[in-house]
Every structure is written in structure tokens, then in C-alpha cells.
Amino acid sequence: MKSLPAGLLASVVVAATGCSGSGVHAAVGGSASCAYIATFRGHTYSGVTVHVAPVAGRRLGAAQFPPCDDTGGSLPAGPGERVAVAKLPGVPSSVALVVLGQDHVLLVRDPKRLPAEVQRLMRAPV
């Protein structure tokens, strides 16, 4: 029975470190050491956290996250990751993208110049 608590502890540690896929791009503003940055059609997009789930428009293809070396060189860098993206209705895809399957984040070209449609999604509902 002594191995049960150790096994449970190991499961909690694995879950806490974010072992889903590469795990490096799973949380915007979280404790991941790799930035939530992707490229799509030759442009770079940054992730912004939203409090209102965006409605996805027309599917556009896949954005590419670069490999992330968040191990301090002790392990090889993880592979890059492709994620499906869609249009955010009312916003050009050159400005913002919806990440399909993630309702808490958008990809934006310029986080300092966000259109009203994106800003509304970033405010928590009252």
C-alpha cells in the first residue's frame, strides 16, 4: 500500500506540469516558460487571454508554434505544434485568429492595438 501515495503524488506532479501534447503552449499568462506565439501565412501572432469564448467563423487552416526549449538545455527542444485556426467574425484574419478547441485565447498580430471586438472578449462578463 505504500506505493499508492507515491503513485498518486507522481500523477499529481505530471498533471501539474501540463503534460498535454507539448504542453508549452497550453496556457496563456500561465507559468509556461515559452511564449504563446505562432505564425500563420507568414505573419507572427501572440496569444491574448479572453474571458468570453470567441465564436469561430470560417476555418482558415493551421498556425504553427515553434519548438520550445524550456528545459534549460537538459533535454532536446520539444517539437513545434500546429493548431487549427478560424476567422473571428467581424475582424480580418490579418488582425486576429480564433484557436479552434481553445475558448480562453485568441491569436492577435498586435496586442497593443486590439479592435473593439477583441477587447469585448477580454472583459469578464458582469
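**Close-ups of a predicted model**

At 1% relative accessibility, Phe-65 counts as buried (buried is under 20% relative accessible area, exposed over 50%, partly exposed in between, with a 1.4 Å probe and protein chains only). This is a predicted model, where local features need pLDDT of at least 70 and side-chain atom pairs count only at pLDDT 80 or more, while totals for chains, interfaces and linings use all residues. Residues are numbered from 1 along each chain as its sequence is written, and side-chain values use heavy atoms, with hydrogens and water left out.

View 1. Rings of Phe, Tyr and Trp (its six-membered ring) pair if their centres lie within 6.5 Å; planes under 30 degrees apart are stacked, over 60 edge-to-face, and the rest tilted. That rule gives two aromatic pairs. The partners are 29 residues apart: Tyr-36 is in the loop between α1 (3-16) and β1 (37-40), and Phe-65 is in strand β3 (residues 59-65). Helices (H or I, at least four residues) and strands (E, at least two) are DSSP runs, numbered from the N terminus. Tyr-36 is buried too, at 7% relative accessible area.

**View 2. Phe-40 meets Tyr-45.** Here the ring centres are 6.4 Å apart and the planes are at 65°, so Phe-40 and Tyr-45 are edge-to-face. Both residues are buried.

**View 3. Arg-41, out in a loop.** Look between β1 and β2 (43-49) for Arg-41, which is exposed at 56% relative accessibility. Its phi is near 50°, a positive value in a residue other than glycine. Most residues other than glycine have a negative phi.

**View 4. Leu-97 in strand β5.** Leu-97 lies in β5 (residues 96-99) and is buried, at 0% relative accessibility. Beyond its neighbours within four places in sequence, Leu-97 is in contact (heavy atoms within 4.5 Å) with residues including Phe-40, Tyr-45, Leu-60 and Val-85. Its C-alpha is 9.9 Å from that of Ser-46, 51 residues away along the chain.

**View 5. The largest nonpolar core.** A nonpolar core is a set of buried Ala, Val, Leu, Ile, Met, Phe, Trp, Tyr and Cys residues joined through side-chain atoms within 4.5 Å. The largest has 13 residues, and those with the most contacts inside it are Phe-40, Ala-63, Val-85, Leu-97 and Leu-107. Two or more residues each come from β1, β3, β4 (81-87), β5 and β6 (105-108), with β3 giving the largest share, three. Another core, of 12 residues, lies apart from this one and includes Val-48 and Leu-121.
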